[in-house]
Amino acid sequence: MAIVFEKTEGLTGKPFHYCPGCTHGIAHRLIAESMVEMGILGTTVGVASVGCSYNSYEYFNCDMVQAAHGRAPAVATGIKRTLKDKTVFTYQGDGDLASIGCAEIVHAAARGEKICVFFINNAVYGMTSGQMAPTTLLGQVTTTSPFGRDASYQGYPINVAELLSNLTGAAYVERVCMTDFKNINNAKKAIKKAFKVQQAGLGFAFVEFLSTCPTNWGKAPLDAMDWLKEKMIPQYPLGCFKGEDITVQALDEMIAAKAAGEEVKA
Amino acid sequence: MAQKRLLMKGNEVIAEAAIRAGCRNYFGYPITPQTEVMHYMAKKMVQIGGNFVQAESELAAINMVYGAASAGFRAMTSSSSPGISLKQEGISYIAGAELPAVVVNIVRAGPGLGGILPAQGDYFQATKGGGHGDYRNIVIAPASVQELYELTVEAFNLADKYRNLVMILGDGTLGQMMEPVAFRDEEPIVTYEKPWATNGRGYNDDGSYKREHNTITSIYIDPDVLEVKNNELQAKYELIRQNEVRYEAIGLEDAEIVITAFSTCSRISRNVIRQAAELGIKVGMIRPITLWPFPTQAIADAAAMPNVKAFLDVELNAGQMIEDVKLAVNGAKPVYFHGRLGGNLPTQKEILDKIVAIHEGGKV
Amino acid sequence: MIDFSIILAGFGGQGILSAGKFAAEAALYEGKEVSWFPSYGPEMRGGTANCSVVISDEPIGSPVVNDADVVICCNQPSMEKFEASIKPGGYLIVDTGMIKIKATRTDINVIELDASGIADEFGAMAYGPISMLGCLSKATGCFSRESFEKSLYEVLPERRHKMIPGNLAAFDKGAAAV
């Protein structure tokens, strides 16, 4: 009998602790599958952050380092600079990356650090119970914006992908979501492209995943998916903001040339 | 063979020593009075194929050290007091994750932005923790440029040996001054296996993985697991207390007054001992070289000697190490204090006057 | 010699810090303990620079000098600041090309030298403080001319050795003024 579906060895098999309907699990699986399919699970070091995914090091089956809140890009810098031939990624949420870790993410991108950053944007602080995030939408009710986020009082959401795409050091910036098969497939393509951008040595690669948080949004999983499509995507449009013209074929050629010891032209 | 003595700046010697100790990873952020460490590294690391990153902040710098140390490499950062305050988050995480790292603090006067001149006001911060949680850093206080060299090399060995952060605690005097230094032909580098490093699982020829995945972390949500982890840390610290106390004792055998002083203050005090002898007052000194672990026993032993009548603690602060001195003396003898603040150094005369006053009446 | 202390002070860019290093190098060449400590504090503002050099047969205590055996002044603000810091019987070496005021103390030895004039004559500002090292060496014997010369050859990179004869000539001119 043909096997049509199996657990990926990119994950340890430890059951996820994420809430029902949360899309962390999908993102984890896509990243893990991509590492296995690309044959880099044994040569990759991931950096977990602080937030709901604080213990993603227990799930990803590659070497993992747990970083302080917001500092994952700095930790990843330290790893990548010492392990230049290995693949390094961070996995960060919106509080971690867009609030406390703003300096670290901007400067890692500006330096063109050859790392991949996977950014989970669910517009809310999850683990600490639903506070307003830098990416919380205007009008969105959270435990610290109980009357809805008011621009005159709490300012505006940060569009991180657009922000980082303005930096020369950022080679590839894309925003995806995981609401249906098509988008999930697109998300996986983005992950693989990000890894390849790193392998080709082009610079900083960033994928933002619009994600759901049914628990803190107070919605059923399917309603959360609808809310993401109706409310989040207008604020955070999907698409490639940097490096769209870099084709996978071109990346493969660069990686092959690099392996053969040739100089890569960025 | 001993090499020729070269005139070099303390900060540059720290950088050179780190490179000689095999450190190829420096991450820093500029701050007076330690910036020459960075300048030296910025040039040398590029020349020898190492890593130098000018980080966006001290927070980022210490976390880059965390990353490089996780990958199994010798790594360091340097800063001065306000910058070290910012690094405390990372220092606590390094303690929790048990990573070997070297951090240099060329102390300046505080609190707050304070001033840029020498001080020892970070003694508490360095020796009592600084960041959150129950942990200890090995804290080394060199007193000369030659010692900056030798003890910085040693710091990397100790860091690897115990998977612990080692702090070099200097001050603006030591960092900025030039003094002769003689480099060894070969450094006593001890190499430790790091099977715990997160440097990739690796592949065997058949495509299987060389090992299970490694994890570097400081989070243990289960209280029982965290308690075990903490007890392991405490056992390690006890081992360090037993093995690594270093100090210099001078003239205790007939001393009436024993000075306790580290680093810059010990240099000035050393000359006071000579001046006091000219006045017929016998003064000795215990100079802690490791501030943690602290030479408690050596001080307790001195306090038990019949010839020792009193202690004089000299510091560039309002009285910090004196608390550890008093704990060691444990009431056996009086402990007096002389300190200067704000970036000023005590003169030999000030200390000598204090000695004379103690000697004449025990009232200061 | 125990803790023989020298303060060199003047404008930033005059070559004060380098002259201090050369003095320390010369004494180091003689096997002495030496220290050199720059002003890096707020007094650097306003363009003044100074450094302390200590030369000793014993390990040096503080590299920071409060009471100096010798003060070398290359500008007027330095003179105003450091004249009081000289030990009785000590030396004040004054660049009369830069300093128009006279020393007020009578318990010290004052050596006057038109060091900036020498610098003009030799075509570079740095020769001024070097000529004052000549005064220092001749007046106090804290290091010899020979040590100064030999240490220059050791310390300076080969490509700068062509400057050494000029430095020695400036040094000798200063020494001749004592």
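1. Let's start with a proline in a loop. B:Pro33 sits in the loop of chain B that lies between strand S2 (25–28) and helix H2 (35–47). Helices (H or I, at least four residues) and strands (E, at least two) are DSSP runs, numbered from the N terminus. The peptide bond joining B:Thr32 and B:Pro33 is cis, with omega about 5°.

2. A word on what you are looking at: this is a predicted model, in which local features need pLDDT of at least 70 and side-chain atom pairs count only at pLDDT 80 or more, while totals for chains, interfaces and linings use all residues. Residues are numbered from 1 along each chain as its sequence is written, and chains are lettered from A and ligands numbered from 1 in the order in which they are written.

3. Chain B has another cis bond for you to find, from B:Gly110 to B:Pro111, with omega near -5°. Look for B:Pro111 in the loop between strand S5 (101–107) and helix H5 (123–127) of chain B. Most peptide bonds are trans, and most residues other than glycine have a negative phi.

4. Now for phi. B:Glu98 is not a glycine, yet its phi is positive, about 50°. This residue lies in the loop between helix H4 (81–97) and S5 of chain B. B:Glu98 counts as partly exposed because it has 19 C-beta neighbours inside 10 Å. (A residue is buried if 20 or more other C-beta atoms lie within 10 Å of its own, exposed if 12 or fewer, and partly exposed in between; C-beta atoms are placed from the backbone.)

5. B:Arg163 also has a positive phi, about 45°, without being a glycine. Its loop runs between helix H6 (145–162) and strand S7 (165–171) of chain B. With 18 other C-beta atoms within 10 Å, B:Arg163 is partly exposed.

6. On to how the chains meet. Two residues are in contact if their C-beta atoms, placed from the backbone, lie within 7 Å. Chains A and C have no contact, and their closest C-alpha atoms lie 30 Å apart.

7. Do look at H2 (residues 72–82) of chain A beside H3 (residues 58–70) of chain B: their axes come within 6 Å and cross at roughly 45°. Axes are lines fitted to C-alpha atoms, for helices over the stretch in contact, and angles run from 0 to 180 degrees between N-to-C directions. The residues that meet include A:Gly78 and A:Ile79 in H2(A), and B:Tyr66 and B:Gly67 in H3(B).

8. Finally, a sheet spans both chains. Eight strands form an open sheet with mixed pairing, in the order S7(A)-S5(A)-S6(A)-S4(A)-S3(A)-S1(A)-S2(A)-S9(B). Two strands pair if DSSP finds at least two bridges between them. S7 (239–242) of chain A and S9 of chain B stand at the edges with a single partner strand each, so one side of each has no neighbour in the sheet. S2(A) and S9(B) (residues 215–216) run parallel, joined by two bridges, and A:Met64 has B:Thr215 as its bridge partner.
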